[in-house]
Amino acid sequence: MSGFLDSIRCGDCECNVDWGEKRNTIASVAAGVLFFTGWWIIIDAAVKYPDQDNFNHAYHACGVIATVAFLMINAVSNGQVRGDSYSEGCLGQTGARVWLFIGFMLAFGSLIASMWILFGGFVVPQKAVVYPGIAVFFQNAFIFFGGLVFKFGRTEDLWQ
Amino acid sequence: MAGIKALISLSFGGAIGLMFLMLGCALPEYDQYWPLFVLFFYILSPIPYCISRRVVDDTDAASNACKELSLFLTTGIVVSAFGLPIIFARAQVIAWGACALVVTGNVVIFATILGFFLVFGSNDDFSWQQW
């Protein structure tokens, strides 16, 4: 019984993990947390205020477009836009640029629309319950930033 | 191949996590079985990573879009497993105490699944017969 704690070594972990190598992992996880938290916020608002008067169901379109924009932005790699990937893909370099352009326009548009919904639909008419408007805004903000983190937080260098 | 001790401690962790989940459902003051839906997320969570490991052959590339997509989806499944009991509690379908027990169970189960992949996942000679 004596000395049974002798073999425990604290602080012995060789934590020489290379954070540069983990950048893609961290960016993917952070983007996942942001994107899905955005969707769960709107699910929460829809569960709390299911009727049309408190939360007009048309406002869901904003988050859907933001998700489509996320998928469009992340469907093309930076290499395809620059033109230095091995295969041309279905659309070629110009097509990839147009696709990315439309994707970013939809992303910015849905972010602006969510702010418009919050102020035009909830704050200005001084509705009794403002939480659905805040939820729409935060959903779209989280999806937008999740998309940015997933697109630009990862590096495409094959050799580092 | 890591030994029997790791396997037993991981299975213990799994049992404790499921115990927390069942406590959150079955205690007499809660008696609501809605939180069992998180079992769906527990089962889904290893699937994207396993698919990406099977599909992609190069294990030494620093960047790998398929692996990152699978990590993104796995994170989403984990977030959803936490979001669901919180939304149940906010909608007063379950009590907040039950929500706390289910969230604790989630933490333990996902730590167990992560531990499983860390201990048994990294093989230098990836042999297909293991599955």
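These exercises cover aromatic rings, charges over rings and a cavity in a predicted model.

Residues are numbered from 1 along each chain as its sequence is written, and chains are lettered from A in written order. Local features need pLDDT of at least 70 and side-chain atom pairs count only at pLDDT 80 or more, while totals for chains, interfaces and linings use all residues; side-chain values use heavy atoms, without hydrogens or water.

**Exercise 1. Classify the ring pair A:Phe144 and A:Phe145.**

Step 1. Take the rule. Rings of Phe, Tyr and Trp (its six-membered ring) pair if their centres lie within 6.5 Å; planes under 30 degrees apart are stacked, over 60 edge-to-face, and the rest tilted. Over all chains, the rule gives 22 aromatic pairs.

Step 2. Apply it. The centres of A:Phe144 and A:Phe145 are 5.3 Å apart and the planes stand at 75 degrees, an edge-to-face pair.

Step 3. Check burial. Buried means under 20% relative accessible area, exposed over 50%, and partly exposed in between (1.4 Å probe, protein chains only). A:Phe144 has 11%, so this residue is buried. A:Phe145 has 44%, so this one is partly exposed.

**Exercise 2. Which ring lies under the charged end of A:Arg154?**

Step 1. State the test. NZ of Lys or CZ of Arg must be within 6 Å of the ring centre and within 35 degrees of the ring normal.

Step 2. A:Arg154 sits over the ring of A:Phe150, 4.0 Å from its centre.

Step 3. Look at A:Phe150 again. Ring pairs join A:Phe150 to a cluster with A:Phe35, A:Phe36, A:Phe70 and B:Phe72.

**Exercise 3. Describe the largest cavity.**

Step 1. On a 1 Å grid over the protein atoms alone, a cavity is a set of points where a 1.4 Å probe fits but cannot get out; lining residues have an atom within 4 Å of a point.

Step 2. Give the size. The volume, the space filled by probe spheres set on the points, is about 80 Å³.

Step 3. Find the lining. Of its 13 residues, those closest to the centre include A:Ala66, A:Ile73 and A:Phe144. A:Phe144 is the buried ring of Exercise 1.

Methods:
1 Å grid on protein atoms, 1.4 Å probe; cavity = no way out; pocket = protein on both sides within 12 Å on 5 of 7 lines; lining within 4 Å.
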